[in-house]
Amino acid sequence: MDRRNIDIDRRGRQVASGKRGLGSVVYLMSREQRVDDNWALLWAQQEAIIREKALLVVFCLVADYPGANLRHYLFMLKGLAELPARLAEINIGFKLLEGSPVDVLPGFLQRCDAHLLVCDFDPLRIKRKWQEQLKAAISVPFYEVDGHNVIPAWITSGKKEYGAYTIRPKIKRLVDQYLTDIPALQRHPVEIETDNLKIAEDHLAEKISDRIAGAVDWLQPGEKAGQEAMRDFVDNRLITYSAQRNNPCLKGQSGLSPYLHFGQLAPQRLAWQVSRSGLAPAILGDFLEELIVRRELADNFCLYEPAYDRFAGFPEWAQKTLQAHRQDPRDALYSLEQFEAAQTHEGLWNACQRDLVIHGKLHGYLRMYWAKKILEWTIEPEEALEYAIILNDRYSLDGRDANGYTGIAWSIGGVHDRAWRERPVFGKIRYMNEAGCRRKFDVDCYIRSVRLS
Ligand code: FAD
Ligand code: FO1
């Protein structure tokens with residue numbers, strides 16, 4: 001990498017200027033917790049090679065990350081534990097700091113006289129806030145790189161999109177340029193003086209105070225496991241994706257969202273492998289619509305809608321119709337505790353909730369039904385939104401994610417959807433019920449399968 005690679009360059013942008021120090025280039029890893037196929041790490045390495053600097057990856061462990069509990073930390077820490085040794089093999093340093101980047105990074109950068117700082121792009125509020133506070137607290141040049149979207153979110157669109165129909169043409173225009181293979185990291189040519197300590201995941205996990213949910217046992221965490229799961233899906237199950245993805249009784253979805261959420265698998269690697277699988281365009285199209293269009297639409301929503309997790313973030317027509325139906329009588333009302341304990345009158349809803357609590361992942365089709373029923377059985381839409389977010393973030397391995405906030409806002413608040421026939425409580429928000437699910441798949445078989453697990 002002796003000259004600039006345009007493909008790497010165009011994934012990043014400068015967020016603050018500053019004075020370059022004499023020490024290493026530092027990459028603050030957060031959303032993209034992997035060595036391979038990581039544009040921010042590639043970007044940092046390119047910069048370090050050009051400036052003849054060492055390269056250091058820093059991860060800040062925040063023990064009280066919003067909505068997260070032991071279930072998520074165990075998955076994340078086991079994935080992170082693979083990184084120090086892998087990075088040491090190619091002469092890249094790794095350091096785990098304990099605390100929020102805002103509290104611990106400025107001093108660290110100063111002590112190592114960092115050359116510059118690179119971080120992952122992330123549209124969520126907490127990350128935008130970290131970035132703003134870091135900008136004010138550090139003196140080195142600061143860059144962000146989008147390793148999550150195939151096309152960097154700010155390039156696809158500079159505004160909040162109305163729906164898939166408005167972002168799809170923008171993505172289509174750019175996707176051939178951006179959906180490329182991803183270069184490999186090089187053995188870093190400048191030596192680094194750190195010893196990439198092993199991550200003591202059990203010891204670190206002891207520091208996590210929210211232990212409401214425990215580890216799941218059906219999914220192996222980490223970059224290696226994520227890549228194996230991707231290969232299994234592309235080689236064996238992609239072919240039946242279109243036909244089976246909406247049936248929760250079959251293993252029709254990829255199951256890859258926990259790896260994508262923690263950045264243990266690169267979305268672009270998955271999209272690239274899928275697009276080169278040789279399968280019929282119609283099959284690829286259905287999967288890539290979800291992986292690229294829907295996922296990047298979710299990042300667009302969270303990036304440009306500051307109220308992405310509040311009633312105020314719903315489109316005007318949806319706020320109006322929900323407002324008009326605020327006083328409608330509800331057939332049933334449940335507290336957060338009753339929802340959490342799966343104590344509603346509907347067997348399918350209770351099975352969904354149990355599935356989520358036990359396995360940490362609910363089928364995509366059922367997530368819509370699950371969230372819409374919370375709207376139907378709470379006193380007001382604000383409460384429904386709050387409960388759905390709390391439960392999704394608490395139990396879903398892939399929760400605390402732009403996809404989750406957007407999926408919930410779609411189900412409860414009509415985001416990216418249109419007005420439907422008006423009915424009580426929902427107003428013009430799209431309705432779903434158990435009878436509709438029964439027309440799509442064998443509901444009793446699903447309920448039985450959850451009971452047996
Ligand atoms: P697959 O069908 O195999 O899709 C592959 C990938 O495409 C997914 O991993 C995901 O990255 C992307 N994708 C698929 N469907 C969507 C979608 N509708 N919107 C955006 N991206 C999509 N997704 C999360 O990642 N985290 C969440 O917390 C989350 N919460 C949701 C809550 C509700 C109420 C709803 C309606 C949807 C939610 N989704 C969430 C979106 C979607 O349901 C999941 O991404 C999907 O079910 C994950 O399973 P999979 O990887 O097997 O999906
Ligand atoms: N990111 C960090 O930089 N440090 C953490 O300690 C951390 C904990 C964490 C726990 C659960 C979870 O779902 C995400 C967590 N993240 C953490 C952030 C994560 O990597 C993602 O960037 C966002 O959640 C999705 O945008």
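Here is a short walk around the two ligands in this structure.

This is a predicted model, where local features need pLDDT of at least 70, side-chain atom pairs count only at pLDDT 80 or more, and totals for chains, interfaces and linings use all residues. Residues are numbered from 1 along each chain as written, chains are lettered from A and ligands numbered from 1 in written order, and side-chain values use heavy atoms, with hydrogens and water left out.

**Stop one: ligand 1**

Now click on Gly-255: one of its polar backbone atoms is 2.6 Å from an oxygen atom of ligand 1. Over at Asp-398, a polar backbone atom is 2.9 Å from a nitrogen atom of the ligand. The protein covers 92% of the 820 Å² of accessible area that ligand 1 has on its own (Shrake-Rupley method, 1.4 Å probe).

**Stop two: ligand 2**

Next, select ligand 2. Which residues are closest? Among the 19 that surround it, look for Ser-30, Asp-122, Lys-127, His-261 and Arg-400. Zoom in on Ser-30, where a side-chain N or O atom is 2.7 Å from an oxygen atom of ligand 2. Asp-122 also has a polar side-chain atom 2.7 Å from an oxygen atom of the ligand. Alone, ligand 2 exposes 520 Å², and the protein buries 99% of that.

Methods
A polar contact is a pair of N or O atoms within 3.5 Å; within protein, one must be able to donate a hydrogen and the other to accept it, and residues adjacent in sequence count only if both atoms are side-chain atoms. A residue is near a molecule or strand if one of its heavy atoms lies within 4 Å of it.
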